[in-house]
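Reader: I am new to this structure. Please take me through one part closely, then follow on to the charged pairs.

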Amino acid sequence: MSTEPPRVPQSPRYRDGTVILQTVDHGEVTVPEPTWCVGHDDEYVGYLADVTHNGVHVRAGAATYAHGYVEILDAYISHAPYLELRPEAHPLLSLHLDVRMDATPEDSRKVAQALRVASLRIDRVAAEVERLRNGGQA
């Protein structure tokens, strides 16, 4: 017997700071929808524990000569309050950093600059997460 839910597209309904979603295990549920969440329109019906609010993706990368555009950072605010084992009480910063390449000195400098930009963007998103965790206060 499969534990995977059927691949049925979600049909979210948004109302006054909430979203109504379908779940496999709890049927239709109404959950708070943070203003920073990009929505659930491209998701599939799943379990309540899978409901995760995600913010806008913040990215940084470098345009190199040898490898073209190399993405180094993908970060966004994330909150999964209904996880079964470790529900997230507060939003987190979902952070993905990656660069693996053999680089010329010129491309190395471009990557170094992209890392400096990535660092600034991480600081900005982390500050927003901190503000949200403090009840939306600066």
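Author: The largest pocket holds about 220 Å³ of space. Its lining has 18 residues, and the closest to its centre are His 40, Glu 43, Asp 50, Val 51 and Thr 52. This is a predicted model.

Two strands each supply at least two residues of that lining: β2 (18-23) and β4 (53-54). The most comes from β2, with three residues. Sorted by class, the lining has nine polar, six nonpolar and three charged residues.

Now the charged pairs. Side chains of opposite charge can pair when their charged atoms come close. The count here is four salt bridges. One of them joins Arg 59 to Glu 71, with the closest N and O atoms 3.3 Å apart. Arg 59 lies in strand β5 (residues 58-64) and Glu 71 in strand β6 (residues 68-79), so this pair ties together parts that are 12 residues apart in sequence.

Arg 59 also meets Asp 74 in a salt bridge, at 3.8 Å from N to O. Asp 74 is in strand β6 too, so this pair ties together parts that are 15 residues apart in sequence.

Glu 71 is partly exposed, at 37%. Asp 74 has 11%, under the 20% cut-off, so Asp 74 counts as buried.

Another salt bridge sits within a helix. Arg 131 and Glu 128 meet at 2.8 Å, N to O. Both lie in helix α1 (residues 105-133), three residues apart, about one turn of the helix. Arg 131 is partly exposed, at 28% relative accessibility. Glu 128 is partly exposed, with a relative accessible area of 28%.

Conventions:
Residues are numbered from 1 along each chain as its sequence is written. This is a predicted model: local features need pLDDT of at least 70, side-chain atom pairs count only at pLDDT 80 or more; totals for chains, interfaces and linings use all residues. Side-chain values use heavy atoms; hydrogens and water are left out. On a 1 Å grid over the protein atoms alone, a cavity is a set of points where a 1.4 Å probe fits but cannot get out, and a pocket is an open set with protein on both sides within 12 Å along at least five of seven lines; lining residues have an atom within 4 Å of a point. Grid points are joined across faces, edges and corners, and a volume is the space filled by probe spheres set on the points. Helices (H or I, at least four residues) and strands (E, at least two) are DSSP runs, numbered from the N terminus. Ala, Val, Leu, Ile, Met, Phe, Trp, Tyr, Cys and Pro count as nonpolar, Asp, Glu, Lys and Arg as charged, and the others, Gly among them, as polar. A salt bridge is a side-chain nitrogen of Lys or Arg within 4 Å of a carboxyl oxygen of Asp or Glu. Buried means under 20% relative accessible area, exposed over 50%, partly exposed in between (1.4 Å probe, protein chains only).
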